[in-house]
Amino acid sequence: MAVTTGIRTSATSAAVQRALTGQSRPVGEWIFQGLLFLSLLVALGMLAWLLSDVFIRSMPVWEQRGVVSFVTSNLSSDPEKAGIAQGLFGSVMLMVIVIVLIIPIGVAAAIYLEEYATDNWLTRFLNTTVRNLAGVPAVVYGLLGLGVFVAVMRNFTNSPLNLLVGGLTLSLVVLPIVIITAAEALRSVPRSIREAGFGVGATKWEVVRSHVLPYAAPGIFTGIILTIARAIGETAPLLLVGAAVAGFGQAASAGVVDKILGPYTALPTTIFSWARLPQSEFRALTAAAIVVLLVVVLLINAIAIILRNRYERRW
Amino acid sequence: MNEGGDPVTLESPVLLEPETKASPSIRVTTAAASAATPAEGPPVFELKKFSAYYGSFRAIKDMDMVIQPNRITALIGPSGSGKSTVLRWLNRMNDLVPGAHMGGEVLYHGVNLFDKRVDAVEVRRRIGMVFQKPNPFPKSIYDNVAFGPRVAGYKGKMNELVEESLRRAAIWDEVKDKLKSPGTALSGGQQQRLCIARAIAVQPDVILMDEPCSALDPVATLKIEQLMFELKQNYTIVIVTHNMQQAARASDETMFMTMGEDRAGYMVEIGSTSEIFTNPKRQLTEDYVSGRFG
């Protein structure tokens, strides 16, 4: 520093040249930068290793069976015939149930918290609770689903471990996350827009419905899609509320309602059950099912990213 | 356009001590003081012992003042003196600010705005607002203007109302061919005139303007000022401004506020603009308008 001060008092072109170009960056900075880059490499390297390992293990399935056969076959104890059709169907139906449940409830709860609730101890308590619930392990929600939904369902049907209960349980798992992301999207709509609405004599509901909600919608939907990507991979709660982990029989003629209220499985639970089987052929099947699940999750995430980039609004 | 500068014989400006209440005799003085505008009825706003708070902080203390119809009243004063706060209480916009509360009375055409039976939504329909930063909705120009009338249940022909509002806001010629394009795509000055059109469209009685030109260049500012001059035939305008030249050239009445030791804003003086700028009653006002402080 002292040197620079000295130069500044007699700023000749040569002195400025020396001061601006003469110094090399300290070694510590290079080392620090290298460490940061190394951390990134470790994280990505592990991921790449896992992915390639799974993909290589799954190769026999693609080569011998082909994608279509694997994806359209039902569960079977015969590795030559086993496929993930029921798992895919179960996962898709679960997501439909989750979407139908969490969009209205999650968005409504977020609107209440952000737009209507006055800032008092109850609101702060509710906000904190929602945040804490988002951090509760999913298996706990599985127990809750078992204790509440399964018990209630027992009164209405002979197979209480059905898709509807699975969907309700998964909805509980992701609802706090949906509320938080939706609330953040609503909060990002600037107050000036709300004031503009109120300034021309709109009621709170009119401002929310005509302005705040539409402008926050891209953010809300991005959050919901990312949440779906998380829900589709959840295994533990589904195991507790009875997604079948072994082959199950169901008449081919069963309608959608029967399927929703009957036994089911999902992709993650299929993977879980196959991974436990002793036959070595099932290792390739397990890897193949994992690849399918990864592709589905990546596709959902890609949709979320595309939507966000297209509709994101800068204020 | 500088009406305050017209050679009109002026009597003394209204000088309200914080402890005096606005009395009818003072109002008469005001009427006589501004013969430039048509004879007037009772005041639009009357503040009595008005105080405003944010939480426990008192932002404004014991303010008494009267705002006359069909005039442009400018609120001037240093930052933090509570000009915007006063304005935002006049149409209960501050209802929406957590922790904001007030004391005293604000009478609007003799009705206490803070009476429990008064509906804040109806208040804002009659008392429109234009904000410091142009804040058009990210919707079409048409929808920006039509939103207010729609929520008010306007039964007439919407196209005509939109055109009329845009014309009166002096922006029709610039946007008539692109009513479907987003209001946010306009320039800053155009956006602000669109916001004025949006405020006019609900056919208010008063338009409050919170530093409407602070984000605009001088040309756009001039347009807004001309517009205010046109609008005061039909509306009462209250404008907060940091720009003393603007207050001097574009307002009829000027109120000067400053803040005390406790940082609470209070009104120093209100009077006709020419009096405030050329012959103020208070030394504080003179120091401020002559640029010696603030």
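I count a residue as buried if 20 or more other C-beta atoms lie within 10 Å of its own, as exposed if 12 or fewer do, and as partly exposed in between, with C-beta atoms placed from the backbone. Helices (H or I, at least four residues) and strands (E, at least two) are DSSP runs, numbered from the N terminus.

**Conventions.** This is a predicted model, in which local features need pLDDT of at least 70 and side-chain atom pairs count only at pLDDT 80 or more, while totals for chains, interfaces and linings use all residues. Residues are numbered from 1 along each chain as its sequence is written, and chains are lettered from A and ligands numbered from 1 in the order in which they are written.

**Confidence.** I looked up pLDDT, the predictor's confidence in each residue, from 0 to 100. Chain A has a mean pLDDT of 86, with 91% of its residues at 70 or more, and chain B has a mean of 85, with 86% of its residues at 70 or more. For the complex, the predictor gives an ipTM of 0.81 and a pTM of 0.79. In chain B, pLDDT stays under 50 over residues 1-39, for which the model has 67 contacts beyond four places in sequence; two residues are in contact if their C-beta atoms, placed from the backbone, lie within 7 Å. Where pLDDT is low, the predicted coordinates should not be read in detail.

**Chain A, domains.** I noted the division of chain A into domain 1 (2-64) and domain 2 (67-311), with bounds that come from an automatic or database domain assignment. The side of domain 1 of chain A that touches domain 2 of chain A has, by class, 5 nonpolar, 1 polar and 1 charged residues; here Ala, Val, Leu, Ile, Met, Phe, Trp, Tyr, Cys and Pro count as nonpolar, Asp, Glu, Lys and Arg as charged, and the others, Gly among them, as polar. In this contact, 7 residues of domain 1 of chain A meet 9 residues of domain 2 of chain A, and the C-alpha centres of the two domains lie 39 Å apart.

**Chain A, two helices.** How many of the 15 residues of α6(A) are buried? The count is 0, and α6(A) is hardly covered. Helix α6 of chain A (residues 121-135) reaches 21 Å from its first C-alpha to its last, close to the 21 Å expected at 1.5 Å a residue, where the expected span is 1.5 Å times one less than the number of residues. In helix α9 of chain A (residues 191-199), by contrast, I found A:A196, A:G197, A:F198 and A:G199 buried. The buried residues of α9(A) pack against α10 (204-233) of chain A together with α3, β6 and α7 of chain B. Just after α9(A), A:G201 takes a positive phi of about 85°.

**The interface between the chains.** I find 20 residues of chain B in contact with 16 residues of chain A. On the chain B side, α3 (120-126), β6, α4 (141-151) and α7 (188-201) each supply at least two residues, and the classes are 13 nonpolar, 3 polar and 4 charged.

Chain B has 11 helices and 10 strands, and 49% of its 294 residues count as buried. Of its contacts with a separation of 6 or more, 71% are between residues 24 or more positions apart. Strand β6 of chain B (residues 127-130) points B:I127 and B:M129 one way and B:G128 and B:V130 the other way, and all are buried. β6(B) pairs with strand β7 of chain B (residues 206-210) in the parallel sense over 4 bridges, where pairing requires that DSSP finds at least two bridges between the strands. B:G128 has B:I207 as its bridge partner in β7(B).

Why does B:V66 count as buried? Because 23 other C-beta atoms lie within 10 Å of B:V66, a residue of strand β2 (residues 57-67) of chain B. The C-alpha atoms of B:V66 and B:M255, 189 residues apart along the chain, are separated by 10 Å.

I also checked phi: most residues other than glycine have a negative phi. B:K49, in strand β1 (residues 45-54) of chain B, has a positive phi of about 45° although it is not a glycine, and counts as partly exposed with 14 C-beta neighbours inside 10 Å. B:R92, in the loop between α2 (83-90) and β4 (100-108) of chain B, has a positive phi of about 60° and is likewise not a glycine; B:R92 is buried, with 22 other C-beta atoms within 10 Å.
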